[in-house]
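Here is a short briefing on one protein chain and its two ligands. Please keep the sequence and the model side by side as you read.

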Amino acid sequence: MSMPSVSAPPSSSMTDPSVADLLAARPHLRMHALEGLMLEQVPLAAIADALGTPVWVTGAGTLRSRYRRLEAALAEPSLGASIHYAVKANDHLAILRILSIEGAGADVVSGGEMRRAIEAGIPPARIVFSGVGKSDDELGLALSLSISQINVESREELERLSGLASACGRTARIVLRVNPDIDAGTHAKITTGLADNKFGVAYDEAADLYALAARLPGIEPIGFAVHIGSQINDPAPFRAAYARIADLVRRVREAGQAVSLVDCGGGLGISYRDEIEGSPRALAHAIRVTLGDLGLKLVVEPGRWLVAPAGVLLSRVLLVKQSAGRAPFVVLDAAMNDLLRPSLYEAWHGVVPLSARDAVQPAGPAHLVGPVCETGDTFALDRPLPHLAAGARVAILDTGAYGAVMSSTYNSRPLAAQALVDGSRWTTIRPRQPVEQLWAGELVPDWIAAGETGAGRAAE
Ligand SMILES: Cc1ncc(COP(=O)(O)O)c(C=O)c1O
Ligand SMILES: N[C@@H](CCCC[NH3+])C(=O)O
């Protein structure tokens, strides 16, 4: 099985793309001789000057154009698949609003995401609720809002939902998420369609469970869902998974049950390093040849492909730590608490200096790390990087998806600011978190605050 970019260790390689290669593959980014690195028509240094670093920046124009490319590929008359953006990839209200205006619905995995999507103007009728474990409160919210569909992942959830729906006199339109046992060929931590993974109901049990769903009060089964993982660039696993679902649909129909919808999930990958980006047309083809002639309503749930390339994380070099005979450590002011992907999946992200002056030939291999007290707080190891002195600023590329959303405040580091570029204008969409907010909700019991020493050893 080939291991694509998300799993590629961030170590040195003769094949690491140069700054010029990285920019050539990303038309929304370019290096201006004087202004430095531009996202759409905005010099990123201007944003770093105004907001400081680290700061996330997303290009609205880039996002829209990617949405339109995907929509065009899926809009063929034989498909007409509707796009439900996977909110988990980047849940900022401005991003959701942009996509909502483009016509996207939402795929949500929590009550919080459901509330966010609605707050951003996505109507409940365009919201799909996925997830392997949903609380009664979350299911109750979905029922009270009459969202478009609830993707059920187990018999236990189905029976619980039936009870909840009957109790409030509502009917839940459910889609059964099936685990097709297909290897998506992606990183083990983001594969979801293998029988060993926690997601979905076993393929062999799906037909019986669907039949049970039709008998349960408060439940209307309308179809099947499948999502085999994330960062998938090769269409073959999609095709294999959809073929299995098509067989299932035929069998269930032959048994006399109605199936009107298939939710094809998300998962389309991008090019982080030098992979061939997942193709919307190839995805559409995979859907058409497997499910296209079954008269189904089709749904997709893309996240990463839409928003990852549209975002960058800007950071500043705090210091360069030299050590004789070893690659230097270039210590950034961004860390794993901001961008977790390299630490979590050894993910490779391109790094480009903001200043054209810095974007020259690699000075030699260097380690790009953050200041957090974890050895795993690295962005790149042994990477041939341009010469970066203290104070130099860089953009870490393709961080629009699973970037800011996965941030934490570990080491009491406030959440970074966020900005939105739209053509030639830009604005702050989230100020840097004030440090006091880090402890704003914390309570110190009166007796501790008063300095009591308490029971001490006697209680041990
Ligand atoms: C059910 C479901 N749908 C959609 C997505 C979005 O995936 P991606 O961002 O890879 O398109 C995910 C995340 O993997 C998911 O779990
Ligand atoms: N968080 C992952 C993707 C998981 C997708 C959600 N199921 C990433 O950064 O690549």
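Helices (H or I, at least four residues) and strands (E, at least two) are DSSP runs, numbered from the N terminus. Helix α5 is followed by G121, whose phi is positive, near 100°. This is a predicted model, where local features need pLDDT of at least 70, side-chain atom pairs count only at pLDDT 80 or more, and totals for chains, interfaces and linings use all residues. Residues are numbered from 1 along each chain as its sequence is written, while chains are lettered from A and ligands numbered from 1 in the order in which they are written.

**Domains**

- The protein chain is assigned domain 1 (5-59 + 308-439) and domain 2 (60-305). These bounds come from an automatic or database domain assignment.
- The centres of domain 1 and domain 2, taken over C-alpha atoms, are 32 Å apart.
- Domain 1 puts 30 residues into the contact, and domain 2 puts in 25 residues. Two residues are in contact if their C-beta atoms, placed from the backbone, lie within 7 Å.
- On the side of domain 1 that touches domain 2, β4 (55-59) and β20 (417-422) each supply at least two residues.
- β20 gives the most to that side of domain 1, with four residues.
- That side of domain 1 holds 17 nonpolar, ten polar and three charged residues. Ala, Val, Leu, Ile, Met, Phe, Trp, Tyr, Cys and Pro count as nonpolar, Asp, Glu, Lys and Arg as charged, and the others, Gly among them, as polar.

**Ligands**

- Ligand 1 has 17 residues around it, of which A86, S230, G266, G303 and R304 come nearest. A residue is near a molecule or strand if its C-beta atom, placed from the backbone, lies within 6 Å of it.
- The shell around ligand 1 divides into six nonpolar, eight polar and three charged residues.
- Ligand 2 is surrounded by seven residues, and the closest are K88, I190, S230, R341 and Y402.
- Three nonpolar, two polar and two charged residues make up the shell around ligand 2.

**Helices α5 and α6**

- In α5 (111-119), the buried residues are E113, M114 and A117. A residue is buried if 20 or more other C-beta atoms lie within 10 Å of its own, exposed if 12 or fewer, and partly exposed in between; C-beta atoms are placed from the backbone.
- Seen down the axis of α5, these buried residues fall within an arc of 105°, so they line one face of the helix. The arc is that of the directions from the helix axis to the C-beta atoms.
- The face of α5 turned away from its buried side carries the exposed residues G112 and E119.
- The buried residues of α5 pack against α4 (93-102), β6 (105-108), β7 and α6.
- Helix α6 covers residues 136-145, and its buried residues are E138, L139, A142 and L143. Down the axis of α6, its buried residues fall within an arc of 140°, so they line one face of the helix.
- D136, D137 and S144 are exposed on the other side of α6.
- The cover over the buried residues of α6 includes α5, β7 (127-129), β8 (149-152), α7 (155-167) and β9 (172-179).
- Just after α6, S146 has a positive phi of about 50°.

**Helix α8**

- D204 sits in helix α8 (residues 203-215).
- Is D204 buried or exposed? D204 counts as exposed because it has 12 C-beta neighbours inside 10 Å.

**Strand pairing**

- Three strands form an open sheet in the order β1-β2-β3, with antiparallel pairing. Two strands pair if DSSP finds at least two bridges between them.
- The edge strands are β1 (29-32) and β3 (42-43), each pairing on one side only.
- β1 and β2 (residues 36-39) run antiparallel, joined by four bridges. L29 stands opposite L39 in β2.
- A hairpin of three residues joins β1 to β2.
- β15 (residues 329-332) and β17 (residues 362-369) run parallel, joined by three bridges. V331 stands opposite V369 in β17.
- β17 also pairs with β18 (residues 378-386), in the antiparallel sense, over six bridges. P362 has P386 in β18 as its bridge partner.
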